[in-house]
Amino acid sequence: MSDRRYWNPKWECAPKADLRALQLEKLRRSVAWACAKSPFHRRLYEAAGVGVDDLKTLDDIRRLPFMTREDWMASQAEKPFFGEVLTAPRERAIRYHLTSGTSGRQPLRVLDSGKDWQWISECWAYGFWGFGVRPEDTVFFAFSYGSFIGFWGAHYCCEKIGALTIPSGNMTTENRVRQLVEMEATTVCATPTYAIRLALEAERQGLDLPGSAVDKLIVSGEPAGSIPAMKRLLEEKWGAKCADTAGMTELGTIMMFECAEQPGGAHIIEDHFIEEVIDPETGEPVPYGEMGERVVTSFGRGMIPVIRYRTKDLVVKVPHDRCACGRTFDIYDGGIQGRVDDMLLIRGTNVYPRAVEAIVREYKEVDEFQIVAWRREDAIDELTVKVEFVAGFGGDRAGTMETIAADLKRNHEGLRINVEEAPEGSLPRFELKAKRLVDRRNQG
Amino acid sequence: MSHQPTDLLGRPVDANEAELLELYRRIKALATEEDLAPCVEKNLRFAACALAQAATDLGLEFEHF
């Protein structure tokens with residue numbers, strides 16, 4: 001009988017050489033499919049003078065050109081709505097999703113077939129099963145089920161597993177908390193930020209979340225799920241183990257998940273993806289343990305081939321044996337560590353919002369925060385972290401802010417970072433992806 | 001002469017895997033038959049997608065359709 005700890009024991013624990021051979025075979029078939037069916041990919045590979053026959057070893061993947069969001073968006077702009085990335089007419093699709101289109105950008109629009117949705121939910125199943133979700137579980141989705149792809153695949157994964165699934169759709173935060181306690185949910189899915197908000201709402205209502213049936217919290221959508229201080233806070237407020245997952249609309253699903261061993265990072269689902277880590281400047285691969293940009297190749301989305309896609313996510317890949325779970329899937333240590341395009345250059349020092357969050361989250365008296373980059377009249381760049389204290393905090397506010405500022409300075413090569421108090425309830429709260437960075441440096 | 005099925009790495013598959021592969025191929029083929037009632041065609045297609053996923057997970061087959 002197969003080991004029930006794993007969703008797919010055959011490949012989750014396969015020898016590396018077998019995994020690599022499988023990836024090469026799937027890569028070859030994916031490139032053949034893309035060249036045959038997608039004009040976007042056919043042109044890309046013809047221009048690079050490369051084809052399936054050039055893929056003799058897995059290292060040959062580097063002969064394939066990168067696929068970028070910019071090229072994908074340009075294709076969409078040229079041939080609305082979907083560009084030329086599709087491998088089949090839209091009549092074959094059963095679902096449409098799009099990115100949120102923040103920062104004035106056009107949204108990325110995606111279509112998927114019924115077969116694609118089987119795969120989307122399957123990848124989530126690797127993660128949910130790996131973290132211990134079973135048919136006996138009751139899974140509550142604090143998710144709005146809209147055009148953002150978010151937890152849609154996770155919902156279907158739970159139905160596939162056979163768990164009792166509770167969609168909370170357009171419910172208010174107040175009602176969600178009440179219902180998940182009342183229905184004895186054992187597993188809750190939300191963004192890290194929203195999971196905190198739910199916990200605070202439970203406290204406000206006098207509901208005992210740590211004493212509730214919830215023993216698993218599965219988060220996605222923000223890097224915060226792998227920030228140790230944030231995870232500790234979530235686990236303490238919920239009295240549950242917290243697992244991070246990460247995916248993207250471009251893939252339709254997750255490509256990594258944290259297993260029940262909680263190794264401080266997330267396993268890459270290596271039988272369904274190839275994840276390369278490169279130097280974002282040179283495009284050359286970086287070794288284990290060094291930070292670089294994720295480049296993903298997906299095998300499952302038939303309607304939109306995603307091959308060597310530059311994600312702009314910053315990650316550090318470490319070997320699988322960092323974790324004791326027995327999987328041979330490598331790990332992204334600390335999950336997604338930031339974004340290539342999120343880095344702020346403040347007076348010559350690199351500042352990553354995730355690093356700021358990792359420090360601010362160490363302070364339990366801080367309820368919400370916002371990072372504001374701005375430019376003084378003398379053209380000097382400044383960074384201010386606005387903090388909102390938890391309701392009723394009666395401690396030393398000025399002293400706490402001084403300590404946070406000192407912590408931030410110590411962790412940013414001596415860079416002075418301002419810390420200011422924001423009035424209670426004044427900072428935005430988020431249900432989906434939190435956006436806590438405001439860059440006002442180029443505003444008039 | 002019987003043909004021994006193999007997985008994507010060219011290795012022989014076991015009895016359960018062989019049966020899964022056979023089921024998948026038969027159902028996928030059946031779903032393309034003409035004159036099927038919508039209730040049959042659509043459910044066969046749904047089943048083919050699910051079986052394709054199981055076959056892909058085991059490394060028995062990998063294709064898009």
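Q: Which classes of residue make up the lining of the second largest cavity?

A: Three nonpolar, three polar and one charged residues form that lining. Ala, Val, Leu, Ile, Met, Phe, Trp, Tyr, Cys and Pro count as nonpolar, Asp, Glu, Lys and Arg as charged, and the others, Gly among them, as polar. This is a predicted model, in which local features need pLDDT of at least 70, side-chain atom pairs count only at pLDDT 80 or more, and totals for chains, interfaces and linings use all residues. Residues are numbered from 1 along each chain as its sequence is written, chains are lettered from A and ligands numbered from 1 in the order in which they are written, and side-chain values use heavy atoms, without hydrogens and water.

Q: What is the volume of the second largest cavity, and which residues line it?

A: Rolling a probe the size of a water molecule over the atoms shows where empty space is left. A cavity is a set of points, on a 1 Å grid over the protein atoms alone, where a 1.4 Å probe fits but cannot get out; lining residues have an atom within 4 Å of a point. Here the volume is about 40 Å³, and the lining includes Trp33(A), Arg301(A) and His64(B).

Q: Which elements give two or more residues to the lining of the largest cavity?

A: The largest cavity holds about 80 Å³ of space. Helix 5 (114-130) of chain A and helix 2 (38-57) of chain B each give two or more residues to its lining. Helix 2 of chain B has the largest share, four residues.

Methods:
On a 1 Å grid over the protein atoms alone, a cavity is a set of points where a 1.4 Å probe fits but cannot get out, and a pocket is an open set with protein on both sides within 12 Å along at least five of seven lines; lining residues have an atom within 4 Å of a point. Grid points are joined across faces, edges and corners, and a volume is the space filled by probe spheres set on the points.
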